[in-house]
Each structure stands twice: as structure tokens, then as C-alpha cells.
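Colleague: Please pick one part of this model and take me through it closely, side chain by side chain. After that, carry on to whatever else is worth a look, with the geometry spelled out.

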Amino acid sequence: MLVFTKGNGSSSSSSSSGHSEYGFSSLGTLERPCHKAVLAARSPFFKNLVQRRNRGEELQPERAGLNLATRIVLDESVIPQRFSSVLLHAVYLDEVNLALVCRPLEGGPTSLEDAMELYQIGRFLELDILSQGCEDLILEMLTPNNLATVLAWGARPYGSAWVYRQAVNYLRDEFQPFSQSPVLLQLSAEHLREALSSDFLQASEHEVLQAVLKWGEHQLVRRMEDREPNLLSHTAHSVARKGVKKRDLSDVELREILSPLLPLVRMDHVLPANAETLAHAVRRGLLPTPPSHMLGGDRDAVRIHAWIRSTSGCAQGVWIRPRLFMPYYEEAKAVLEEHFSQAVDVVRAAVRRPDDIPDTLYMVDERRSLEAASANPAPPLPDPATLSQMVKREQKLRQSPLVLRALSLPLTSRHLVLSQVRLRVVREFNLPDATAQLLEVNRVKIATLYFNQVIWGAKFVAARELYQILILHLLHIRS
């Protein structure tokens with residue numbers, strides 16, 4: 001049983017305390033039934049509390065058989081009653097639902113403030129599911145309007161370091177639109193320094209410089225408002241009413257305010273190099289060190305070496321790591337792709353490469369035969385009389401001593417020797433070399449026909465012998 005109290009949170013088992021041992025609600029308290037085993041399993045805080053209560057009951061034998069509910073009293077100053085439903089919903093269902101928070105009809109804290117307070121309650125109760133769920137809800141509710149609030153809360157000791165890192169990443173990714181909105185003026189110097197120190201800040205250095213100067217001038221105006229006498233405040237002569245012109249701002253104070261931030265701006269990467277904002281800041285003496293290309297020498301070489309690290313030791317200027325600003329990256333990538341595509345086209349035009357590379361030797365032979373077949377048209381077919389003479393000539397050459405000797409060698413390829421024989425026959429008849437394939441095909445047909453004749457002849461002989469045996473057997477039976 002969880003008891004959410006109001007006031008000083010005192011509770012006892014006596015009837016004078018206003019609490020019931022059997023779970024009845026009394027004035028100023030809210031009782032929520034639950035299982036102590038579930039609470040102990042989900043939170044080390046509740047586990048230790050339940051164990052202490054169990055040990056206390058073991059020391060009181062008179063309460064052993066009563067089977068009374070364990071009451072856990074939570075004070076309103078630590079855990080308000082309006083969070084009771086959210087707390088039990090997270091314990092049982094692993095979900096943080098802010099719709100269960102009891103809100104007043106008008107006014108009251110916002111959902112973001114409730115999530116921040118519930119995060120602290122989860123940390124106090126050691127209920128990780130509640131704390132992590134609140135972190136996720138805070139990030140879902142993160143907008144430019146509440147960015148400064150979330151950053152300030154996350155940087156505090158009781159805030160979430162994870163939420164702070166995600167908020168800083170959000171500031172880095174959206175710094176370009178933030179620099180042109182009132183959100184920039186709500187940020188503190190620590191938050192700006194955290195964002196400007198990153199190599200992944202999504203803004204050009206020119207926009208970063210403008211944002212830093214704008215923020216510094218706003219801080220200087222606020223300092224001037226704080227310094228003015230109370231007699232002038234809220235009058236027509238106050239700084240807030242009549243405003244401040246830039247020429248009235250003290251460059252010395254402005255340089256002091258911007259001293260932690262301006263060294264983080266990479267002045268050598270401000271584009272264009274002759275930007276009016278950069279030149280004006282140099283004339284006002286706000287920059288601790290002017291850019292390298294303003295110090296003399298070969299300005300173009302100094303500007304190039306500020307962006308590209310040189311391998312030679314005689315490079316002018318100082319190389320500064322550029323930020324990964326995505327528009328610059330995409331533009332450089334497009335230029336490189338165009339340059340390399342032109343170079344590749346030139347190489348492809350100069351070098352002719354095969355479309356595919358065969359894996360094994362038999363693929364080489366197949367490819368050569370296919371290329372030869374596609375390159376050379378089909379050879380003319382000789383007449384049957386000429387083909388018959390060619391076959392006879394081939395058989396005669398096969399019986400020659402030279403061919404028989406070549407076929408008798410142990411490492412000789414029979415297919416290669418017979419191919420040379422057919423090639424000689426074709427050339428003797430003044431026919432193209434491709435006609436040699438016809439001889440091979442004709443030889444295969446003849447061999448097949450001979451084999452068929454042999455097989456059918458054997459079958460005929462076997463059938464005739466079987467018929468003769470059958471006739472003799474019948475004659476023997478009749479006699």
C-alpha cells in the first residue's frame with residue numbers, strides 16, 4: 001500500500017493519526033493499493049524499505065498472524081499526490097503517461113516541468129523505468145522555444161546529463177536557424193561555448209561570427225540596464241525604452257564579454273575573406289588575433305593553407321581544422337565527383353578493357369569459340385560427294401604412320417591430333433578452316449549410325465536364336 005500524504009507526512013498505526021490499517025482513506029491522504037513484491041522488484045529503494053518493514057514485523061510476534069498490509073508513506077514534499085497514478089502506471093506497465101497527472105483547471109506546471117520533476121522522483125526512488133521514460137518525453141517535447149530551459153535544467157546537478165548532451169547536439173545541428181532567431185539571446189555563455197567547440201557545428205563561420213557578436217551586444221545591453229539607476233528604470237529615458245545604438249556600446253566591455261567565445265570562431269575560414277562583419281570586428285579591436293590573410297604576405301596562399309594541410313614544410317599560414325558543415329561538404333563532393341568522372345571518361349576512352357574476365361581455362365576456350373562464331377559467318381556446306389571424299393581422306397590420314405605414332409604417345413591429346421588431321425583435309429580441298437567442324441559432326445553421325453546398326457543387329461540375332469529355340473521346343477513337345 002502506497003500512502004501519499006499532505007503536510008508533514010507523519011503516520012502511525014493508531015486511530016488518532018487519521019490512517020487506517022485496512023486501507024481506508026482519511027482526510028488529506030491518498031492510498032493506492034499495490035503489490036510490495038512488484039515494488040521491491042522494480043526499485044532498490046522500495047526493496048530496502050520492504051525488507052526493513054519485514055524485519056520489524058518479525059520482531060513483533062503479536063502481529064505475525066494478522067496479515068496486515070505493509071504501508072509505505074510518501075510525503076507530499078518529496079512525491080506529490082498528483083503523480084501517484086503515473087508512478088504506479090510506470091511500475092506495472094513500463095510506460096510513463098503524463099496524461100495521468102492530476103492538473104488544476106487553470107494554470108499549473110507544464111508537461112515539460114512535470115516530466116522534469118518526475119525524472120527527479122525516479123532518481124530518488126531508484127526507479128530507472130520512470131527516469132528513462134521522462135528523458136524520452138523531454139526530448140520529444142524539445143522545441144526551439146524551450147531549448148534554453150532544457151539546457152539549463154540538464155546542466156544542473158539534479159538534471160539529466162544525457163538530455164543535456166542531446167540538447168547540445170540539437171543546438172549544433174540547428175545552429176544556423178537559431179542564430180537568426182530570439183532563441184540565441186536566451187542561451188548562456190556555457191551553452192554557446194559547448195556548441196562552438198564542436199567540429200560538427202552546422203553553420204558557416206561567417207554566420208557563427210555574426211551570431212557571437214549579436215549575442216555579445218545583447219549581453220552588454222542587459223548589463224547596461226542592470227547598471228542604470230532605479231530612478232531611470234521604467235521611464236522614457238531608460239535603456240530598455242529608448243534603446244542603445246551600436247556606437248554607444250563600449251568595445252572594451254564587449255571584448256571582455258566575448259573573450260570566452262571569439263577564440264572558438266575559426267576566423268581564417270570566414271567566407272568571403274573580405275566580409276564586412278569580419279573587417280568591422282577587426283577595426284573595433286574585438287578579435288584577439290586577426291585572421292592570417294590580414295597579416296600580410298601572399299594572401300591567397302595563406303587562405304588556401306588555412307583550409308588544406310600542406311605536406312611541405314614551407315607552407316605559409318597556419319592550418320586550422322575546418323568544420324564538417326554539410327553544405328560545404330556536399331558542394332566539395334559534387335566538384336570532386338565531376339572532376340573524377342571526367343578523368344575516368346578519359347581513361348576509359350584511352351584503355352579498352354574486356355567486359356568480363358573468365359575464371360577458368362574452359363571459359364577461355366568457350367569465349368574464343370563464341371567470338372570466332374560471331375566474327376566469322378557460317379562456312380559454305382560442301383556437296384555430298386565432296387563430303388564423302390573428305391571423310392575417306394580423313395580415314396586414310398588416320399592410318400598413316402605419322403598420325404598413329406602421334407596417337408601412341410602417352411601425353412598426346414587425341415582430340416588435338418584428330419583436329420589437325422581434319423584441318424589438313426579441309427585445306428587440301430580448298431575450303432575454309434571452319435569446315436573442319438563438319439567433318440567432326442559427320443564422324444559423330446556415322447559412329448552413331450554404326451552403333452545403332454550394331455545394336456539392332458545384335459537384337460535381331462538374339463531374337464532369331466530365341467525363335468529357333470522356341471520352335472525346337474514346340475517340336476519336341478509334339479513328338
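Modeller: Happy to! In this predicted model, strand 1 covers residues 2-5, and its side chains point two ways: Leu2 and Phe4 to one side, Val3 and Thr5 to the other. Whichever way they point, all four of these residues are buried.

Now for the neighbours of strand 1. Strand 2 (residues 29-32) runs antiparallel to strand 1, and four bridges join the two. One place to look is Leu2, whose bridge partner in strand 2 is Arg32. Strand 3, residues 72-74, pairs with strand 1 as well, here in the parallel sense and over three bridges. Along that pairing, Val3 has Val73 of strand 3 opposite. So that you can find your way back, Leu2 leads you to strand 2 through Arg32, while Val3 leads you to strand 3 through Val73, because two strands count as paired once DSSP finds at least two bridges between them.

From the strands, let's turn to the rings. A pair of aromatic rings is described by the distance of the centres and the angle of the planes. The structure holds five aromatic pairs. One of them is made by Tyr119 and Trp153, edge-to-face, with 5.4 Å from centre to centre and 80 degrees between the planes. This pair links distant parts of the chain: Tyr119 sits in helix 4 (residues 111-125) and Trp153 in helix 6 (residues 147-154), 34 residues apart. Tyr119 and Trp153 are both buried.

Phe325 and Tyr328 make another pair, with ring centres 5.0 Å apart; their planes meet at 80 degrees, so this pair is edge-to-face, the cut-off for that label being over 60 degrees.

Finally, a word on the cysteines. Cys34 has a relative accessible area of 15%, so Cys34 is buried. Cys102 reaches 46% and is therefore partly exposed, since exposed would need over 50%. If you plan to look for disulfides, the test is a pair of cysteine sulfur atoms within 2.5 Å, and the count by that rule comes to zero.

Terms used. Residues numbered from 1 in each chain as written. Predicted model: local features only at pLDDT ≥ 70, side-chain atom pairs only at ≥ 80, totals over all residues. Heavy atoms only, no water. Phe/Tyr/Trp six-rings, centres within 6.5 Å; stacked < 30°, edge-to-face > 60°. Buried < 20%, exposed > 50% of the residue type's maximum accessible area, 1.4 Å probe, protein only.
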